[in-house]
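Q: I am new to reading protein models. Could you take me through one, feature by feature?

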Amino acid sequence: NTWTQSSNQLDRVHFIEVKFPRKIFLTKVNIYETYHAGAVVKISAKDEDNQWVVIYNVTHAHVIRKARKFSPPIKRIMFPVDELRIEVDCLASKGYVEIDAIEISLSIALLFLSDMCPLPFFKYRSSCYFIKKDAVSGDEAFARCLQIGGYLANFETLEETMLMKDKLKKMKTGISYYVGGRNINSKKPGGDWRWIKHGTMTKMTYFVFSKGEPSGTEQSPENCMIFLAGDRYKIHDVLCDNGYNLGGYICEI
Ligand SMILES: [Ca+2]
Ligand SMILES: [Ca+2]
């Protein structure tokens, strides 16, 4: 498709909105500018609340008098997208020959397994998870999720925890799995448990532990959280950094 402006509207910023057949995690946008390239000043993606989120923005257009395939460095966004708005500054051509046509094409590297999650994550209910069976400590599990662009899974609702517990039981791996809950105060009886996600800490709003847990104390802290295979995947607190409690882990993105 070709998009152009009428000749009496070259003194302003125009925008084009494009909609794709399904939502994806955007990794790349290619704009094929066939004439007067460089006039794209802003690209926005529509989020789940129907708000436009800017993923590329420059203050001035620099018109290049030739065609090019433009692949701007876009901001990483954490929501799937099926609508983009591309803003084009026609003023930048300064009364020269008009920006004649801009052809928009999007070729997106589709790095996802299911509908909405980038690999290696899979969609489970409304979240993207990745279950890994390596045997590591809680601290190591935390680091490994960061390394693949995610975080150790947060289960903000009891429902999410129950669903994951059920899934782990059915997988029958016999392996315990770390999740992203952490005690930030060993001195406090019962601890102060938080879900850790990209530097934010959300207080747990429900009691997540199995009977008799959490069992850590100030003298013997158990500040990490695990779905324990030996207790039908109920949640336990365990030491974060020793060799006794090696487990797999669940990352989320
Ligand atoms: Ca979650
Ligand atoms: Ca314990």
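Q: How many residues does helix H2 have, and how far does H2 reach from its first C-alpha to its last?
A: Start with the kind of model: this one is predicted. Helix H2 covers residues 158-171, which is 14 residues. H2 reaches 20 Å from its first C-alpha to its last, close to the 20 Å expected at 1.5 Å a residue.

Q: Which residues of H2 are buried?
A: First the general idea. An α-helix has 3.6 residues a turn, so residues three or four places apart point the same way. Now the case here. Thr161, Met164 and Leu168 are buried in H2. Looking down the axis of H2, the buried residues fall within an arc of 70 degrees, so they line one face of the helix.

Q: Which residues are exposed on the other side of H2?
A: Glu159, Met162, Asp166 and Lys170 are exposed there.

Q: What do the buried residues of H2 pack against?
A: They pack against S11, S14 and strand S16, residues 247-252.

Q: Which residues are buried in H1?
A: Gly138, Ala141, Phe142 and Cys145 are its buried residues. Seen down the axis of H1, they fall within an arc of 100 degrees, so they line one face of the helix. On the other side of H1, Leu146 and Gln147 are exposed. The buried residues of H1 pack against several strands, including S9, S11 and S15. Glycine 149 follows H1, and its phi is positive, near 85 degrees.

Q: How do strands S14 and S15 run, and how many bridges join them?
A: They run antiparallel, joined by five bridges. S14 spans residues 224-228. Leucine 228 stands opposite lysine 234 in S15. The two strands form a hairpin with five residues between them. In the turn, arginine 232 has a positive phi of about 50 degrees.

Q: Why does glycine 181 count as buried?
A: A residue is buried if 20 or more other C-beta atoms lie within 10 Å of its own. Glycine 181 has 27 of them within 10 Å, so it is buried. Glycine 181 sits in strand S11, residues 177-183.

Q: How far apart are glycine 181 and cysteine 224 in sequence and in space?
A: They are 43 residues apart in sequence and 6.5 Å apart in space, C-alpha to C-alpha.

Q: How many residues are in the largest nonpolar core?
A: It has 29 residues. Those with the most contacts inside the core are Leu152, Tyr177, Tyr178, Val179 and Ile250. The elements that give two or more residues to this core include H1, H2, S11 and S14. Apart from it lies another core, of 15 residues, including Val40 and Ile86.

Q: What pLDDT does the protein chain average?
A: It averages 81, and 79% of the residues score at least 70. Over residues 95-114 the pLDDT is below 50. That stretch still has 58 contacts in the model, beyond near neighbours in sequence.

Methods
Residues numbered from 1 in each chain as written. Chains lettered and ligands numbered in written order. Predicted model: local features only at pLDDT ≥ 70, side-chain atom pairs only at ≥ 80, totals over all residues. Pairing = 2+ DSSP bridges. Helix = DSSP H or I, 4+ residues; strand = E, 2+ residues; numbered from the N terminus. Buried ≥ 20, exposed ≤ 12 C-beta atoms within 10 Å, placed from the backbone. Expected span 1.5 Å × (residues − 1). Arc of directions from axis to C-beta. Contact = placed C-beta atoms within 7 Å. Core = buried A, V, L, I, M, F, W, Y, C linked by C-beta atoms within 7 Å. pLDDT = per-residue confidence, 0-100.
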